[in-house]
Amino acid sequence: MARKKSREVTEVNAGSMADIAFLLLIFFLVTTTIASDKGILNILPPKLDPNIPPPDIKKNERNIFNILINANDDLLVEGEYRRTPEGLDSEIKDFILNFGAPDEEALVLFNSLPASLQAQAQRRPESSDHPKEAVVSIKTDRGTSYELYLEVFDLAKKAYFEIYGERVGLGADEYRTLTGNDEASKLLQDRGKEGIPMAISIAEPNKIGGN
Amino acid sequence: MSKFKKKTNTSTNIPTSALPDIIFMLLFFFMVTTVLREQDLLVEQKIPQATQLQKLQKKTLISYLFIGKPKNTGLYGSEPRIQANDVLISAPEIVQWVNQERDMLPESDRGLITISMKIDKEVKMGPISDVQTELRNADARRVLYASTGKVPN
């Protein structure tokens, strides 16, 4: 009597399994937001100690690439008015690689650069002395839009990454995606950066047009 | 005539028994990559685009600040506000918030805390510089301006 039951086919109907899985799949498809932790990294300057007066920095005007953005989103680049930040990246690149008055250390650096970068040194006396001295300064008003600020900051970063990349024979994009996790990519990263610090200075905004 | 008819005898059933497995594979992919939204956004977020994006390796070091116009303007006003975790905070409270976030990290990583600022396009630089000043006060100086990739033209 009892045996009869065990002879019955005990297979579960798996036809609807796909439907169940589909339902779950669609649930996850809808709720998923693939995390985007991408962005532009910026290191803020350390907090000023009120007891120590800020160091008196004497930098030659020619070593600073001034970018001012006002509350109307107009730009003043090195004293010259313009409406859009277009072409700023190549100008910054020229400025960094100018080598107007290199000292000994900078000459060593210059000689270590690949020929394609050496050719970009214009040696104009009114531009930067050498990359170690060069600073890109971005100053905004409180009313400047964040979008434009980020665009300018992006272009300044681009100029540096292009130089770093070209130094190690990579494109700017390839250089940027180096993780520094393994020896080889860390080495490439360091070789690109060596002697050319990324000096982008963000000045405190003017109190115009904001709150 | 009958020469051609022979072929129709073959069964044209596609075996679907492997279908659940394929679907499950997709399901697992999405389950692994998914990050369920932990918090409701109280502020508007239209992230600007940029080209020079960098990706951070250690996700545990990142804390998020959302800045933008509040969605519920009746309750919170229309000026840009800062959202940390689930609440809107004012700029001076950032120091405390950073210290809380930092305490959650293992001791060796505390200096490396990175603040990912997700800022709406419409925000002006004023509130942002206030936030940055507070971040400097809190000594959380690694800042990531979150942005999405721009297709170069």
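Me: How many of the residues of chain B count as buried?

Reply: This is a predicted model. A residue is buried if 20 or more other C-beta atoms lie within 10 Å of its own. By that count, 29% of the 153 residues of chain B are buried.

Me: Which strand of chain B is largely enclosed, and why?

Reply: Look at β6(B), residues 114–119. Six of its six residues are buried, so the rest of the structure largely encloses the strand. Check the side chains in turn. Thr114(B), Ser116(B) and Lys118(B) point one way, Ile115(B), Met117(B) and Ile119(B) the other, and all are buried.

Me: Which strands pair with β6(B), and in what sense?

Reply: Follow the bridges. β3(B), residues 62–68, runs parallel to β6(B) and is joined to it by six bridges. Leu65(B) has Met117(B) as its bridge partner there. β7(B) also pairs with β6(B) in the parallel sense, over four bridges. Here Ile115(B) is partnered by Val143(B).

Me: How does the chain get from β6(B) to β7(B)?

Reply: Through helix α5(B), residues 125–137. This β-α-β crossover is right-handed.

Me: Where does β7(B) meet chain A?

Reply: At β1(A). This strand and β7(B), residues 142–146, pair in the antiparallel sense over five bridges. Gly39(A) stands opposite Ala146(B).

Me: How many residues does each chain bring to the contact?

Reply: An interface's size is often given as the accessible area lost when the parts come together. Here, count residues instead. Chain A brings 47 and chain B brings 46. On the chain A side, α2 (17–31), β1 (38–43) and α6 (146–167) each give two or more residues. α2(A) gives the most, with nine. By class, that side has 22 nonpolar, 14 polar and eleven charged residues.

Me: Which residues touch the most other members of the largest nonpolar core?

Reply: In soluble globular proteins, nonpolar side chains tend to be buried together. The largest nonpolar core here has 55 residues. Ile92(A), Val152(A), Ala156(A), Leu65(B), Ile67(B), Met117(B) and Tyr145(B) touch the most other members. α6(A) gives the most to this core, with twelve residues.

Me: What does Ala156(A) touch?

Reply: Leave out residues up to four places away in sequence. Ala156(A) then touches Ile92(A), Val136(A), Ile138(A) and Ile200(A).

Note on methods. Residues are numbered from 1 along each chain as its sequence is written. Chains are lettered from A and ligands numbered from 1 in the order in which they are written. This is a predicted model: local features need pLDDT of at least 70, side-chain atom pairs count only at pLDDT 80 or more; totals for chains, interfaces and linings use all residues. Two residues are in contact if their C-beta atoms, placed from the backbone, lie within 7 Å. Ala, Val, Leu, Ile, Met, Phe, Trp, Tyr, Cys and Pro count as nonpolar, Asp, Glu, Lys and Arg as charged, and the others, Gly among them, as polar. Two strands pair if DSSP finds at least two bridges between them. A residue is buried if 20 or more other C-beta atoms lie within 10 Å of its own, exposed if 12 or fewer, and partly exposed in between; C-beta atoms are placed from the backbone. A nonpolar core is a set of buried Ala, Val, Leu, Ile, Met, Phe, Trp, Tyr and Cys residues joined through C-beta atoms within 7 Å. A crossover is right-handed if, with the strands pointing away from the viewer, the path from the first strand over the helix to the second runs clockwise.
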